[in-house]
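Thanks for coming. Please bring up the sequence and the model, and we will walk through a few parts together.

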Amino acid sequence: MRDVCDLCPHSCSIAEGKRGICQVRANIGGKIVSSAYGLLTGLALDPIEKKPLAKFYPGSFILSAGSYGCNMRCTFCQNWHISASDGTDIHLLPCTPEELVTQAVNRRKNGNIGLAYTYNEPLVNYEYVHECAKLARAKGLKNVLVTNGMINNAHFVKLLEYIDAANIDLKSFSPEFYRLMGGDLEIVKGNIQTAAEMLHLEVTTLVIEGLNDSKDEIDAECKWLSGINNEIPLHLSRFFPQYKMKTRTPTSKDKIYELKAIADKYLKYVFTGNM
C-alpha cells in the first residue's frame with residue numbers, strides 16, 4: 001500500500017517500508033513518518049553570523065543541529081555527504097528533543113541564545129524540528145531555521161509560529177535552474193514572502209558563474225525582494241567546487257562585487273560571503 005507525503009511539493013507516493021525523494025520521509029505501517037527523528041549528524045556552538053544571519057543578535061552564538069536528507073538535489077551541495085544520505089552510511093547521534101533543548105540551555109553560559117536547525121535540510125525532519133522548537137520556546141530560547149524553503153506553505157506556517165529567525169536559500173531566480181536542482185522557484189518565493197511577514201528573515205544566494213550569475217537575473221531577484229521589504233538582508237556568496245561540480249571554477253571576487261553593486265540599488269543590507 002502506498003501513501004502520499006504532503007510535506008513538500010514533490011508529493012511523493014511512498015510504498016510501505018520505502019522512503020521519498022528526501023530519504024527521510026518513510027511509509028511505516030501506512031503512515032508517513034520521519035526516519036531521522038531523534039538522530040543527529042552534527043552538533044556545534046556556532047557564531048550566529050555563520051548561519052548566515054547578519055542582523056539577528058550579532059555577536060552571539062547558537063547551538064546548531066543537523067541530521068540527514070534533503071528534498072532537493074543540488075549538484076553543488078556543500079554538505080552532500082549528509083544531505084544525500086539515507087542515514088545508513090554516516091554516524092548518527094541519538095538525541096531526543098528534550099535532550100537537545102537541555103544542551104542548548106546548558107550552553108547559555110557560553111553565550112548561546114538558542115537552537116539553529118541547519119547543516120542538512122531541516123524541514124524534511126519536520127516533526128523533530130517542530131517539537132524541539134516548541135520546547136525551546138518554552139525555555140526562552142531563540143529558534144533559527146536555515147532552509148531551502150521547499151515545503152508546502154501550510155506546514156511552513158505551522159512551524160514558523162515557533163521560529164524567531166530564518167535564512168532561506170534563494171538558489172536562483174530562474175525556474176529552469178530550480179527544476180534542474182529538484183526544486184520549485186514559486187514555492188520558495190511564496191515561503192520567503194510568508195517568512196518575511198512572520199519573523200526575522202535573511203536570504204542567501206550562492207553565486208555560480210555561468211549558471212545563476214547574470215546581471216539581469218540578480219537585478220530581478222533583488223527588485224522582487226525589495227518589493228517585499230528592502231530591509232531583508234541578502235547574502236551573495238562565492239561558490240567553490242563541491243560534490244558534482246568539482247571541476248567548475250570558483251566564483252571570482254570581482255563577480256560578487258559586481259552583483260553586490262546591483263543588489264545595493266534595491267536592498268539596504270547586502271553582504272558578501274565566502275570571500
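Predicted model: local features only at pLDDT ≥ 70, side-chain atom pairs only at ≥ 80, totals over all residues.

Start with the pocket. The largest one has a volume of about 930 Å³. Its lining is made up of 32 residues, and Q78, N79, Y119, V146 and D169 are those nearest the centre. Sorted by class, the lining contains twelve nonpolar, 13 polar and seven charged residues. Which elements each supply at least two residues of that lining? They are α1, at 80–83, and the strands β10 (142–147), β11 (165–169), β12 (200–207) and β13 (234–238).

Now the core. The largest nonpolar core counts 65 residues. Those with the most contacts inside it are F76, L100, Y117, L145, L170, I192 and L201. Helix α3, residues 126–138, gives the largest share of this core, with six residues. There is also a second, separate core of nine residues, including L53, I62, A116 and A165.

Take F76 from that list of core residues. Leaving out residues up to four places away in sequence, F76 touches K171, F177, M181, L206, I208, F239, Q242, Y243 and M245.

Next, I163, which sits in the loop between α4 (153–160) and β11. Is I163 buried or exposed? Its relative accessibility is 3%, and the cut-off for buried is under 20%, so I163 counts as buried. Again setting aside residues up to four places away in sequence, its contacts are Y117, A133, R137, N143, L145 and L199. Two of these, Y117 and L145, were on the list of residues with the most contacts inside the largest core. I163 and A195 are 32 residues apart along the chain, and their C-alpha atoms are separated by 9.4 Å.

Last, helix α8, residues 253–263, where we find K255. This lysine has a relative accessible area of 15%, so K255 is buried. Beyond its neighbours within four places in sequence, K255 is in contact with V207, E209 and D213.

Which residues of α8 are buried? They are K255, I256, L259, I262 and A263. These residues cover an arc of only 115° around the axis, and therefore lie on the same side of α8. As background, an α-helix has 3.6 residues a turn, so residues three or four places apart point the same way. The buried residues of α8 pack against β12, α7 (215–228), β13 and β14 (270–273). Of those, β12 and β13 also came up in the lining of the largest pocket.

Notes: Residues numbered from 1 in each chain as written. Heavy atoms only, no water. 1 Å grid on protein atoms, 1.4 Å probe; cavity = no way out; pocket = protein on both sides within 12 Å on 5 of 7 lines; lining within 4 Å. Points joined across faces, edges and corners; volume = space filled by probe spheres on them. Helix = DSSP H or I, 4+ residues; strand = E, 2+ residues; numbered from the N terminus. Nonpolar A, V, L, I, M, F, W, Y, C, P; charged D, E, K, R; others polar. Buried < 20%, exposed > 50% of the residue type's maximum accessible area, 1.4 Å probe, protein only. Contact = heavy atoms within 4.5 Å. Core = buried A, V, L, I, M, F, W, Y, C linked by side-chain atoms within 4.5 Å. Arc of directions from axis to C-beta.
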